[in-house]
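Hi everyone, thanks for coming. Let's have a look at the structure together and walk through the inside of the fold.

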Amino acid sequence: MTELLAKIILYLCRLVSGVQVEIRDVDLFSGTVIFYANHSSHLDAMVILSLLPEERRKKTFIVGSKKYWQANAIRRYISNSVFRTVMIDRAGESNTSGAFAALSEMSKVLEQDCSIIIFPEGTRSSEGTISDFKRGIYHIAKKNSDIKLVPVYLENMNRIMPKGELIIIPLLGRVVFGKSITLLEGEDKEAFLARARNELVDLGGNSLG
């Protein structure tokens with residue numbers, strides 16, 4: 001029953017977003033993957049899931065805010081029963097123990113040969129721009145240096161489902177899966193964060209200009 005519900009939700013998300021998909025890495029769906037994407041709408045994670053092959057989707061976790069996913073009964077049911085979700089306490093990420101706990105939870109998922117979807121900006125952008133990345137993506141890449149990171153650029157999601165609005169506006173979206181990257185030997189945090197963000201910005205091309 002829950003699998004049927006998952007398929008219905010993902011079908012509707014793909015339908016309303018009308019996404020055009022571009023895949024730039026022929027080896028995209030092999031092995032364990034850290035998908036990292038820009039974040040501007042509550043549709044983002046669901047749209048990405050809707051584009052994954054079914055077996056890959058079943059082994060992919062959404063990394064999201066505990067405050068959001070536990071806000072009401074419907075979201076709790078979706079996050080606990082319908083989709084695989086790693087819930088992060090955003091309030092605790094600012095301290096060492098909270099950041100370590102978040103890193104530990106994501107690493108446990110990756111160690112089970114499952115993939116994750118993360119949003120390195122840490123919050124949604126209402127303007128569709130890509131903010132500087134938080135340090136979490138660097139630490140997860142460093143701890144799991146053998147796992148590839150795939151940038152995923154989402155376009156128009158903030159206009160299809162604007163921040164703070166419950167309405168859905170029928171527009172065409174675009175999703176680009178870029179070529180995978182890994183943390184380079186000796187690469188420091190600031191250099192990696194800038195490089196990972198630039199990979200995502202480049203996928204947006206003129207739409208971010």
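Predicted model: local features only at pLDDT ≥ 70, side-chain atom pairs only at ≥ 80, totals over all residues.

Residues are numbered from 1 along each chain as its sequence is written, and side-chain values use heavy atoms, leaving out hydrogens and water.

Back to our strand. β2 and β5 pair in the parallel sense over three bridges; pairing takes at least two bridges found by DSSP. On β6, Lys 148 is the residue opposite Val 33, and β2 pairs with β6 over five bridges, again parallel. Strands here are DSSP E runs of at least two residues, and helices are H or I runs of at least four, numbered from the N terminus.

So how enclosed is β2 by the rest of the structure? Five of its five residues are buried, so β2 is largely enclosed. Buried means under 20% relative accessible area, with a 1.4 Å probe and protein chains only. Val 33, Phe 35 and Ala 37 point one way, while Ile 34 and Tyr 36 point the other.

Now please find Tyr 36. Leaving aside neighbours within four places in sequence, its contacts (heavy atoms within 4.5 Å) include Ile 118, Phe 133, Ile 137 and Leu 200. In the largest nonpolar core, which has 31 residues, Tyr 36, Ile 116, Ile 137 and Phe 192 touch the most other members. Such a core is a set of buried Ala, Val, Leu, Ile, Met, Phe, Trp, Tyr and Cys residues joined through side-chain atoms within 4.5 Å.

Notes:
Buried < 20%, exposed > 50% of the residue type's maximum accessible area, 1.4 Å probe, protein only.
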